[in-house]
Amino acid sequence: TGVINTSTLLGDHDLNFDAVHGSTHQIVYNSEPGQHITVNIDASDPHNPGPLEVGYEGPPRLRIADGHNIVSGDGYLGYAADSHGEAFVSGPSTSWTVGERLYVARQGDATLDVAAGAEVAAKRIDVGLLSSSVGMITVEGGGSTVRTDRLVVADRGHGKIEVTGGAKLQSGVTAVGNYTEGEVAVRGPGSMWEIHSDHFDVGLRNHSSGTVIIEDGGSLSSK
């Protein structure tokens with residue numbers, strides 16, 4: 001019996017940060033006789049970020065909406081083999097800021113959807129890190145943005161990013177198809193991918209495959 005106050009979650013729990021739930025989340029463990037443990041998760045303090053993991057072994061979901069700003073040290077979606085993690089970040093002024101690395105499919109399967117003017121930012125983003133992983137990021141709608149200093153799409157797993165509807169992808173050092181098959185597609189008027197680095201590799205290693213698709217009014221620029 002007790003109460004734990006933390007900014008960290010590593011496990012298989014649905015998390016909702018929105019107008020109904022706010023920027024904190026409470027989990028109660030009481031399945032065993034005499035057990036009553038309350039865990040209060042506050043993911044809004046930029047001075048005390050901890051890792052946030054969705055999909056350690058199971059299929060939970062993270063939802064951030066309604067102008068809430070969530071911060072974490074690292075971010076994991078689809079951590080272990082055979083796991084599945086989903087994250088939805090949507091709405092104007094809504095954001096998820098990851099201070100270090102964001103894994104979209106570390107070893108399992110994972111999807112990240114950023115829509116309706118929301119923003120996700122991380123120091124580094126890996127989409128499909130290990131050999132069994134499959135990761136997908138979708139950025140859609142005007143004002144929706146994904147930003148990172150380093151982007152790897154398909155390291156040893158499989159990864160894909162789609163930017164549509166006037167959304168924006170901003171990256172520094174970038175590799176698409178590091179050891180396997182990776183793809184980035186930018187489609188539709190106003191949709192853009194800005195690369196702020198001279199290091200841009202597509203199909204970097206032997207036997208890897210990288211695909212970049214820019215069509216229907218989308219744009220790619222290097223600054």
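These legends walk through several close-up views of the predicted model shown above. Residues are numbered from 1 along each chain as its sequence is written, and side-chain values use heavy atoms, with hydrogens and water left out. Because this is a predicted model, local features need pLDDT of at least 70 and side-chain atom pairs count only at pLDDT 80 or more, while totals for chains, interfaces and linings use all residues.

View A. Let us start with the strands (DSSP runs of E, at least two residues, numbered from the N terminus). Eight of them form an open sheet in the order 3-7-10-12-14-16-18-21, with parallel pairing. Strand 3 (15–17) and strand 21 (209–215) stand at the edges with a single partner strand each, so one side of each has no neighbour in the sheet. Two strands count as paired if DSSP finds at least two bridges between them.

**View B. Strand 16 beside strand 18.** Here the two strands run parallel and are joined by six bridges. Look for Gly159, whose bridge partner in strand 18 is Gly182.

**View C. A salt bridge between Glu183 and Lys160.** A salt bridge is a side-chain nitrogen of Lys or Arg within 4 Å of a carboxyl oxygen of Asp or Glu. In this pair, the closest N and O atoms are 3.6 Å apart. Glu183 sits in strand 18 (residues 181–187) and Lys160 in strand 16 (residues 158–164), so the pair links distant parts of the chain, 23 residues apart. Both residues also belong to a network of salt bridges with Glu162, Arg187 and Glu215.

**View D. Glu100 meets Lys123.** Their side chains form a salt bridge (3.6 Å, N to O). Glu100 lies in strand 11 (residues 95–104) and Lys123 in strand 13 (residues 119–127), so the pair ties together parts that are 23 residues apart in sequence. On relative accessible area, buried means under 20%, exposed over 50%, and partly exposed in between (1.4 Å probe, protein chains only). Glu100 is partly exposed at 39%, and Lys123 is partly exposed at 42%.

**View E. Asp126 with Arg124.** These side chains meet in a salt bridge (3.1 Å, N to O). Asp126 counts as buried, at 0% relative accessibility. A search of the whole structure finds 10 salt bridges.

**View F. A nonpolar patch on the surface.** Phe200, Val202, Ile214 and Leu220 form this patch, with about 280 Å² of accessible area together. Patch residues have over 30% relative accessible area and no salt bridge; like charges are joined within 9 Å, and nonpolar side chains (Val, Leu, Ile, Met, Phe, Trp, Tyr) within 5 Å. Accessible areas come from the Shrake-Rupley method with a 1.4 Å probe; for residues, only the protein chains shown count as cover. Leu220, in strand 22 (residues 219–222), is partly exposed at 36% relative accessibility.

Note on methods: Helices (H or I, at least four residues) and strands (E, at least two) are DSSP runs, numbered from the N terminus.
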